[in-house]
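We'll hop from one stop to the next.

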Amino acid sequence: MPIVFYTENIGQNMKQISKYEYEVIKGKCYLYNDSFQNFKSYGIPHAQLIIADVPYNLDNKAYASNPMWYVGGDNKNGESELAGKAFFDTDKDFRPAEFMHFCSQMLIKEPKNGISEEEEEEKVDKIGNKVKSKAPCMILFCAFEQLHYFIELGQRYGFKHYIPLVFRKNFSSQVLKANMKVVGCCEYGLILYKDKLPKFNNNGQMIMNCFDWVRDSNTPKVHPTQKPVPLLERLIEIFTDPGDVIIDPCAGSGSTLRAAIQKNRKAYGFEIKKDFFAKARDKVLKDFQPTLF
Ligand SMILES: C[S@@+](CC[C@H](N)C(=O)[O-])C[C@H]1O[C@@H](n2cnc3c(N)ncnc32)[C@H](O)[C@@H]1O
């Protein structure tokens, strides 16, 4: 179905535009081609949930132990053009403290009712239903080696609590080391929150901290470290309600915004690199479900 771009006389004409464009017009969504450090210029609303997949500062070791280091994935063929290359040129000077400052500023304030986390957990209404927390949280994808660093850094910015997350893949990108050692097949992350347990939608089900890494065959692949939209949708459904605001300060492909829009949440993101931003806007946020109005 062809997508017609938004034009100024939209009030008079019937136009077909993508859902992202529709949400942008309504002020419910925007991907900024800028650094999140400049967030104050944009006046975006505070978030119920921040999802961030920060650069690992791998620089030119991005493909180490990945078969893509070699032509055709085989070291007999010699090194490929990716040998000694970075995923992207911003993967070396990322500033975690500025990032944590952004997160502590841009989450909504926790409701202050002077009760402890344990009491909050037990809170029920007059007819005995559990009262849902409104407190925000952030979810950070990071390398295993970064987990302790981010737990400590988070504490310095008021995130007193954490829950570790594991994302289990059914494949490993470390196949070049498969005959020498146990290879990694997991990604890691953290839920960080300040004083109160965050909003949590579990429908009475136990939610464990190990998630399957669902393959995403629907979203155009435009970024070397793109996260699967179905996994992001799952996290969004657990920690937010429809209409809540989600921010991704390091948006890459725009996958978080796509997942948030699909789940009827408001979504804002920053991507510093022009080429990733353009691909996110023109592919990831363009190709899904046009809206007629
Ligand atoms: C690990 S990638 C995120 C991938 C993303 N989660 C996805 O699914 O596509 C991190 C991204 O943050 C961007 N970035 C680095 N520093 C940034 C900054 N200060 N502000 C905004 N984006 C930044 C990088 O260009 C890169 O695309």
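How do the residues of the shell around the ligand divide into nonpolar, polar and charged? Nine are nonpolar, nine polar and four charged, with Ala, Val, Leu, Ile, Met, Phe, Trp, Tyr, Cys and Pro counted as nonpolar, Asp, Glu, Lys and Arg as charged, and the others, Gly among them, as polar.

Before moving on: this is a predicted model, where local features need pLDDT of at least 70, side-chain atom pairs count only at pLDDT 80 or more, and totals for chains, interfaces and linings use all residues. Residues are numbered from 1 along each chain as its sequence is written.

Now select Asp53, Cys250, Gly252, Ser253 and Ser255: of the 22 residues around the ligand, these come nearest (a residue is near if its C-beta atom, placed from the backbone, lies within 6 Å).

Next, show the strands (DSSP runs of E, at least two residues, numbered from the N terminus). Eight of them form an open sheet with mixed pairing, ordered β2-β9-β8-β3-β4-β6-β5-β7; strands pair if DSSP finds at least two bridges between them. At the edges, pairing on one side only, sit β2 (29-32) and β7 (210-212).

Zoom in on β3 (residues 49-53) and β8 (residues 245-248), which run parallel and are joined by two bridges. Click Ile50: its bridge partner in β8 is Ile247.

Conventions: Helix = DSSP H or I, 4+ residues; strand = E, 2+ residues; numbered from the N terminus.
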